[in-house]
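Thank you all for making time this morning. Please have a look at the sequence and the model first, and I will then talk through how the parts pack together.

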Amino acid sequence: MSDRHHRSMEISEPLTEPTLVTREAHPAVIVRHLGVRADQLPGLFDAGFSALAASGVPINGPAFAAYHGDPGATFDLDIGFPVAETLGAPVQVGKLTVRGSELPGGALLGLTHVGPYDTLAQSWDRLATDAAERGLQPSGFFEVYVTEPSPEVDPATLRTDLFLVV
């Protein structure tokens, strides 16, 4: 349970235990989906990443998803990538809008999940329990997909860094 400061968007070494980290906010491009249910996520991720790729905006790191609201009910979802510079005007790609945003910075409680996406809930539960034990009140949460998913990647080796904004 250490504290670390990171200037870059990525955490280079896996966080094998819940760890307090401080990071600077990082410019990003996102596609925002409003009023989402958990069962809609696969299609929304596919559409969001396709729109981001088609926008032509140069990315500067691994994909992420930021969740706003209660994941057990309906919530808003930002799917995005970090970029070197803030995007000016939004870019329309089909029915989706790619817009500038930020990957949150400040005090974060992080944990690395290694394994398939369908077991992420166990790591999120571990992180939420640790936050409660520390008396922390998260104001948001996001996932950074350090390992780019593809059909060739063994799901057991997927690395996802989980963060609570505290």
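This is a predicted model: local features need pLDDT of at least 70, side-chain atom pairs count only at pLDDT 80 or more; totals for chains, interfaces and linings use all residues.

Residues are numbered from 1 along each chain as its sequence is written, and side-chain values use heavy atoms, with hydrogens and water left out.

Let me begin with the cores, where by a nonpolar core I mean a set of buried Ala, Val, Leu, Ile, Met, Phe, Trp, Tyr and Cys residues joined through side-chain atoms within 4.5 Å. Buried stands for under 20% relative accessible area, exposed for over 50%, and partly exposed for what lies in between, with a 1.4 Å probe and protein chains only. The largest such core has 30 residues, and those with the most contacts inside it are Val29, Phe45, Tyr67, Leu77 and Val98. At least two residues each come from a list of elements that includes β3 (26–36), α1 (41–54), β8 (106–114) and α2 (120–134); here helices (H or I, at least four residues) and strands (E, at least two) are DSSP runs, numbered from the N terminus. Among the contributors, α1 gives the most, with 5 residues. There is also a second, separate core of 12 residues, which includes Val21, Ala28, Ile30 and Leu103.

Which residues does valine 98 contact, if neighbours within four places in sequence are left aside? Its partners include Val29, Ile30, Val31, Ala51, Leu52 and Leu87, contact being heavy atoms within 4.5 Å.

After α1 comes glycine 56, whose phi is positive, near 80°.

In α2, Leu120, Ser123, Trp124, Leu127, Asp130 and Ala131 are buried. They cover an arc of only 125° around the axis, which puts them on the same side of α2. These buried residues of α2 pack against β8, β9 and β10, while the face turned away from them carries the exposed residues Gln122, Asp125, Ala132 and Glu133. Just after α2, glycine 135 takes a positive phi of about 75°.

Proline 138 sits in the loop between α2 and β9, and it is partly exposed, with a relative accessible area of 41%. Not counting residues up to four places away in sequence, proline 138 touches Ala131, Leu164, Val165 and Val166.

On the strand side, β2 (residues 19–23) has a covered face, Thr19, Val21 and Arg23, and an uncovered one, Leu20 and Thr22. β2 and β8 pair in the antiparallel sense over 5 bridges, where pairing requires that DSSP finds at least two bridges between the strands.

Finally, the aromatic rings: a search of the whole structure finds 8 aromatic pairs, for which rings of Phe, Tyr and Trp (its six-membered ring) must have centres within 6.5 Å, with planes under 30 degrees apart counted as stacked, over 60 as edge-to-face and the rest as tilted. The rings of phenylalanine 49 and phenylalanine 81 have their centres 5.6 Å apart and their planes at 55°, so the pair is tilted. Phenylalanine 49 is in helix α1 and phenylalanine 81 in strand β5, 32 residues apart. For tyrosine 67 and phenylalanine 141 the centres are 5.2 Å apart and the planes at 5°, so that pair is stacked.

Key. The arc is that of the directions from the helix axis to the C-beta atoms.
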